[in-house]
Amino acid sequence: MFCPKVIISAAVFLIGGSVVLSAAPLKVATVDLTRLFREYYRTKIIEQDFNEQSKVYRNYIARQAEALRKSEAEYRKKLDASLNVALAPAEREKRRNEVQSMENELKRRRAELEQYAAGKARALQKASGEQRLKVIEEIRSEIRRRAAFDGYTLVLDKSAKSTSDAAIILYSADSLDITERVLTELNRGAEKSAANKNLKQ
């Protein structure tokens, strides 16, 4: 389950990126960044891509692990056979050497599989994190554009939480909320994306 932990450091979006004290009246709006991230169509694409790639790697690792288990079962059989006291000393020594070689090979394969699994997990998480950062910036960019267009001087994230998980904004009137307008603009790209996909098909 793709579960992204998105941390948006600033709960305040300011035109130009800085606080400017002036005689101009303060025009405030609020957005729900959690909802914007969750319902933005690009987030869903990232989740789908992450899940598909994870499935491919999980299936590959599962096949390799199963092959390794079969080899280990064969190793145990040969190990038992090598301990047969009825064997001539030379034959017993030969089989012990074969078993030792098998054991070394199995250790190498298991180490490689574990290294591969850990590396792929890190690579997937890194790629997913980079894509999430791009999505967050796209959302921030649209918020700034909307704020400039509508003349807002301050936009607050009403879904922001403190380190103790308490709401930072205790109350804001629904009339201040521009989440729906921002989300509508963000998701216009979904229609274009779907249209381009249909043309390619």
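**Salt bridges, rings and a helix face**

Arg69 has a relative accessibility of 44% and counts as partly exposed. On this scale a residue is buried under 20% relative accessible area, exposed over 50% and partly exposed in between, using a 1.4 Å probe and protein chains only. The model is predicted: local features need pLDDT of at least 70, side-chain atom pairs count only at pLDDT 80 or more, and totals for chains, interfaces and linings use all residues. Residues are numbered from 1 along each chain as its sequence is written, and side-chain values use heavy atoms, with hydrogens and water left out.

Arg69 has a partner in Glu66: the two form a salt bridge whose closest N and O atoms are 2.7 Å apart. A salt bridge here is a side-chain nitrogen of Lys or Arg within 4 Å of a carboxyl oxygen of Asp or Glu. Both residues belong to helix 2 (residues 41-82), where they are three residues apart, about one turn of the helix. Glu66 is also partly exposed, at 33% relative accessibility.

The chain as a whole contains five helices and three strands. These are DSSP runs numbered from the N terminus, with helices (H or I) of at least four residues and strands (E) of at least two. Along the sequence they follow the pattern β-β-α-α-α-β-α-α. Of the chain's 201 residues, 26% count as buried.

The structure holds 18 salt bridges. One of them joins the side chains of Arg35 and Glu180, at 2.6 Å from N to O. Arg35 is in helix 1 (residues 33-39) and Glu180 in helix 4, so this bridge ties together parts that are 145 residues apart in sequence. Both ends are partly exposed: Arg35 has a relative accessible area of 22%, and Glu180 has a relative accessibility of 44%. Another bridge pairs Arg38 with Glu39, with the closest N and O atoms 3.6 Å apart. Arg38 is partly exposed at 47%, as is Glu39 at 27%. Arg35, Arg38, Glu39 and Glu180 are linked in a network of salt bridges.

The buried residues of helix 4 (residues 179-186) are Thr179, Val182, Leu183 and Leu186. Viewed down the helix axis, they fall within an arc of 100°, so they line one face of the helix. The arc is taken from the directions from the helix axis to the C-beta atoms.

In one of them, the rings of Tyr40 and Tyr41 have centres 5.4 Å apart and planes at 90°, so the pair is edge-to-face. Rings of Phe, Tyr and Trp (its six-membered ring) pair if their centres lie within 6.5 Å; planes under 30 degrees apart count as stacked, over 60 as edge-to-face and the rest as tilted. Tyr40 is buried, with a relative accessible area of 5%, and Tyr41 is buried at 18%. Elsewhere, the charged end of Lys27 sits over the ring of Tyr152, 4.9 Å from the ring centre. For this, NZ of Lys or CZ of Arg must be within 6 Å of the ring centre and within 35 degrees of the ring normal.
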